[in-house]
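Please keep the sequence and the model in view while reading.

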Amino acid sequence: MEPDRKRLIAVGIFAFVGVVLLVATVVLTCTALVTLITGVDGLPQELDVRVVGEEDLQNASVIHLTDRDLKQHPVLASAIREAGSNPNVVKSALVPMTGVECLVLTESCGVYTANAPILEYDGVYYATRVLIH
Amino acid sequence: MEEGKKPGNRFRTAGFVVACGLIGIVAVVLGFMLADALLIYAMEGSGGQPMLYVMERTDVQPEWGMVVPLTEKDFADHPALDAVIRGEERNPSGWEWGMSDRRFIGGTNVSYAESRALQDTYGPDRETWVYPHLEYGGAYYLVVTTWP
């Protein structure tokens, strides 16, 4: 009887470990495949912001940004802060962003459009574009 | 049938194996739930700042399906959604940028747990990946969240 009991315990442990490995593998594989297929957030994107002078405005549309706008768009706030941080070099900044952030910035500030408007904040004008890698 | 192996023993063995398998499934589910909770806990302390964004669309036809009327319960369950759609975080942009049939309505900071909850409730269908349109006051909205 004793060997039978040991065998039963061994089979039970084997079944437990087998199911754990099987279920974990299936779940992780499905998750990885869904992530791969949907791309979750698409290709890596960067917001390119550069300071421009008033002479570059010409007939461009200008959006006047408020503090509230920057609070609601942390990526844009980060880029503008970085572009204006060093007055001695070319004033531009590249900030990574997600697909959702790009969509939102496009709908609110037109950053990923053919004739992207110029953004103005605190008296400084910024041109924007989106880089997709 | 081998000597000494009764049908009752086989059933008992099979039942034991099935029971161990079920315990294994429960263990995996509990493990994933624990890992998820720990992940959220770690993310909340990471300094990242998830955002809730709401977009408004104009060309939505209710007969397309996937239109969900927003109720007071939705706003009570998700104060951030309330603040963006009809509260102090409402900050609509113009219609002329991007697609002309939609515009940005507003956005606000949310926690990782809230970002997940909003995505689970108002995010895209898991099979079709189509976002539901939320209807409130005759306007249609899309809810998106970030997970930095």
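In strand E4 of chain B, Leu134(B) is the bridge partner of Val68(B). This is a predicted model, in which local features need pLDDT of at least 70 and side-chain atom pairs count only at pLDDT 80 or more, while totals for chains, interfaces and linings use all residues. Residues are numbered from 1 along each chain as its sequence is written, chains are lettered from A and ligands numbered from 1 in the order in which they are written, and side-chain values use heavy atoms, without hydrogens and water.

The strands E2 (residues 67–69) and E4 (residues 133–136) of chain B run parallel and are joined by three bridges. Strands (E, at least two residues) and helices (H or I, at least four) are DSSP runs numbered from the N terminus, and two strands pair if DSSP finds at least two bridges between them. E4(B) is also joined by three bridges to strand E5 (residues 139–145) of chain B, this time antiparallel. Here Tyr136(B) stands opposite Ala139(B). Two residues lie between the strands of this hairpin, and Gly137(B) takes a positive phi near 60 degrees.

In chain A, five strands form an open sheet of mixed pairing, in the order E2-E4-E5-E1-E3. Strand E2 (62–64) and strand E3 (92–97) of chain A each have a single partner strand, so one side of each is left without a neighbour in the sheet. From one strand to the next, the twist averages 30 degrees (axes are lines fitted to C-alpha atoms, for helices over the stretch in contact, and angles run from 0 to 180 degrees between N-to-C directions). Eight bridges pair strand E1 (residues 45–52) with strand E5 (residues 124–132) of chain A in the antiparallel sense; Asp48(A) has Arg129(A) as its bridge partner. Helix H4 (residues 99–109) of chain A packs on the sheet, touching E1, E2, E3, E4 and E5 of chain A, where contact means heavy atoms within 4.5 Å.

The two chains also meet. The contact takes 35 residues from chain A and 34 residues from chain B. Together they bury about 2800 Å², 68% of it on carbon and sulfur atoms; buried area is the accessible area (1.4 Å probe) that two parts lose on being put together, summed over both. Leu8(A), Gln72(A) and Glu107(A) supply 25% of the area that chain A buries against chain B, more than any other three residues. The side chain of Glu107(A) meets that of Arg102(B) in a salt bridge (2.8 Å, N to O), defined as a side-chain nitrogen of Lys or Arg within 4 Å of a carboxyl oxygen of Asp or Glu.
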